[in-house]
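Have a look at the structure first, then read on.

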Amino acid sequence: MTASIPLSAQLINLFASVILLLAFAMLAQRRMLPLINLFAYQGLALCMSTLVVAVTTGQHHLYWSAGLTLLLKALLLPWILHRLVRKLHVRFDVESLINIPTTMLVGIVLVMVSFNVALPISQLSSTVSRGTLGIALATVMLAFLMMITRTKAIPQVVGFLAMENGLFLAATSATYGMPMVVELGIALDVLVGAIILGVFFFQIRDQFDSLDIRHMEKLKDG
Amino acid sequence: MNIFGLVGQIFAIALALFLAPLLTGWVNQCRAWFQNRSAPPLMQPYYTLHKLFLKDVVLAHGASPLFRFAPFVVFGCMILACAIVPTLSTDLPFAPAADMLALVGVFGLARIFISLAAMDIGTSFGSLGGRREMLVGFLAEPALLMVIFTTALICQSTSVATIVETLAHRDFIIYPSLAFAGIAFSFVSLAENARVPVDNPATHLELTMIHEAMILEYSGRHLALVEWAASLKLYAYSCLGLALFMPWGIASGASILGLAAALPILMAKLAVGGFLLAGIESVNAKLRIFRAPEFLGTAFLLAVLGLLVRLLLETRV
């Protein structure tokens with residue numbers, strides 16, 4: 001029963017649950033700036049959970065990835081996004097294709113599916129944090145859902161970044177992290193991706209006078 | 001059933017009857033401080049009850065017996081709820097009378113009667129309030145049930161006393177699911193007790209009120225009973241929340257010493273809880289009535305998440 005779970009695993013579970021909660025909060029958020037803040041908190045929770053795994057298992061490269069997570073996902077990327085929102089003057093409400101309560105219900109179904117899918121996989125793994133695999137999968141799915149249901153460009157990018165958070169959590173929980181080179185590569189990819197998407201925002205706005213990506217469906221050839 | 005447990009039980013009910021208006025008075029006082037008004041005296045709810053009990057009852061011409069009967073039913077339901085919820089000790093002889101699910105049913109019964117009574121007179125405000133109350137109620141109930149299922153899964157029992165007993169005397173384990181359930185429970189309590197994000201207990205603006213709209217036609221001792229029942233409901237919800245999510249200090253057996261130690265702890269916890277409630281009410285704006293389903297939907301979502309997290313993380317297959 002539950003009494004056999006060590007304290008470190010309890011802490012990891014706690015942080016994983018916080019990440020899941022924040023994923024739902026992002027799904028429910030109607031405004032741009034709080035959405036970015038929630039993303040920053042999610043990065044912070046991810047950093048904490050990685051740190052706990054690092055301390056428990058004594059894997060040195062996990063300290064690096066925890067630090068990298070803190071630097072990139074909790075500080076740098078939210079700062080870039082904040083700056084973008086300010087420069088683009090898009091503090092308006094986030095628009096969603098499906099209304100928010102329905103999105104949340106779909107989210108719950110996604111969580112159930114991913115928990116069920118992850119359960120047999122996590123039993124193969126022998127790490128302390130294997131239980132969080134389902135949560136990581138659910139976070140990825142919720143981020144997907146956010147990218148699908150939002151019409152504005154910035155929430156979609158936040159969804160993309162949150163998906164990366166979920167992947168990272170899956171990597172730490174199932175295998176104690178990927179090799180350092182891969183992790184560095186992904187982190188830089190995400191950073192570069194965010195910057196390029198930032199440039200795209202300006203292009204989209206210049207072209208359509210709006211960040212609503214529905215305008216992009218009306219592309220004409222020549 | 002030993003005589004000690006019985007005495008403890010009766011003491012708990014008497015304490016609930018006495019403390020409930022005090023808790024309401026304390027919340028009102030704190031809210032006045034938060035909002036920079038001069039606070040009403042702490043004893044104000046007692047004065048109001050005293051005044052109302054002395055007054056004559058004015059009944060509308062169309063009132064059916066149900067209208068006169070309802071305050072007593074509601075009051076009785078709330079006393080039963082207060083008797084089941086462990087406040088000082090988990091050794092409650094009345095506890096087998098109803099488990100957690102029945103407790104939700106008791107609250108539901110009270111809600112149905114007060115709503116029927118509100119519609120009984122036939123004024124537009126009454127039926128408006130009754131319908132809104134049922135809207136809030138039918139959304140809050142599943143969330144509350146999910147919270148209860150989470151705690152019941154942890155403790156392998158649906159009896160309130162057993163659950164609190166298990167939670168209070170366990171080893172220290174972090175349950176993320178309990179945290180989810182705790183947040184969901186506080187959302188539900190705010191909605192069920194007609195507190196600010198859903199309803200404003202201080203308002204008499206017809207378009208926004210729910211609870212007040214239902215009891216507009218009541219007067220005299222009927223109104224006193226309804227008001228007292230509302231205080232008791234707040235007290236029962238607070239005690240249930242405290243017992244489930246911070247149960248430390250509740251006595252397990254019936255002993256004078258245990259009860260004497262549990263009483264100040266309970267008072268302190270209620271005081272802090274009331275202070276926080278007043279804070280929540282002061283920093284939040286009242287939601288539009290059509291946003292209430294979203295608020296309670298969030299509570300339901302959190303409770304379901306708690307249940308799922310419990311199943312995924314905290315069981316070893």
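pLDDT is the predictor's confidence in each residue, on a scale from 0 to 100. This is a predicted model, so local features are reported only at a pLDDT of at least 70 and side-chain atom pairs only at 80 or more, while totals for chains, interfaces and linings use all residues. Residues are numbered from 1 along each chain as its sequence is written, with chains lettered from A and ligands numbered from 1 in the order in which they are written.

Chain B averages a pLDDT of 88, and 97% of its residues score at least 70. Within chain B, confidence is lowest in helix H6 (residues 160-168), at a mean of 83, and highest in helix H2 (residues 44-54), at 94. Helices here are DSSP runs of H or I with at least four residues, strands are E runs of at least two, and both are numbered from the N terminus. For the complex, the predictor gives an ipTM of 0.78 and a pTM of 0.87.

## Chain A and one of its serines

Chain A has seven helices and zero strands. Among contacts in chain A with a separation of 6 or more, 74% join residues 24 or more positions apart; a contact means C-beta atoms, placed from the backbone, within 7 Å.

Take Ser114(A), in helix H4 (residues 100-124) of chain A. Is Ser114(A) buried or exposed? Ser114(A) has 23 other C-beta atoms within 10 Å, so it counts as buried. Leaving aside neighbours within four places in sequence, Ser114(A) is in contact with Gly134(A), Leu137(A), Ala138(A) and Met141(A). Met141(A) sits 27 residues from Ser114(A) in sequence, with 7.8 Å between their C-alpha atoms.

## The nonpolar core

A nonpolar core is a set of buried Ala, Val, Leu, Ile, Met, Phe, Trp, Tyr and Cys residues joined through C-beta atoms within 7 Å. The largest one has 168 residues, and those with the most contacts inside it are Ile19(A), Ala81(B), Ala143(B), Ala184(B) and Ala303(B). Helix H9 (residues 220-245) of chain B supplies the largest share of this core, 17 residues.

Beyond four places in sequence, the contacts of Ala143(B) include Ala184(B), Val188(B), Phe300(B) and Ala303(B).

## Where the chains meet

In the interface, 18 residues of chain B are in contact with 21 residues of chain A. On the chain B side, H11(B) gives the most, with eleven residues. That side divides into twelve nonpolar, two polar and four charged residues (Ala, Val, Leu, Ile, Met, Phe, Trp, Tyr, Cys and Pro are nonpolar, Asp, Glu, Lys and Arg charged, and the others, Gly among them, polar).

Terms used:
Two residues are in contact if their C-beta atoms, placed from the backbone, lie within 7 Å. A residue is buried if 20 or more other C-beta atoms lie within 10 Å of its own, exposed if 12 or fewer, and partly exposed in between; C-beta atoms are placed from the backbone.
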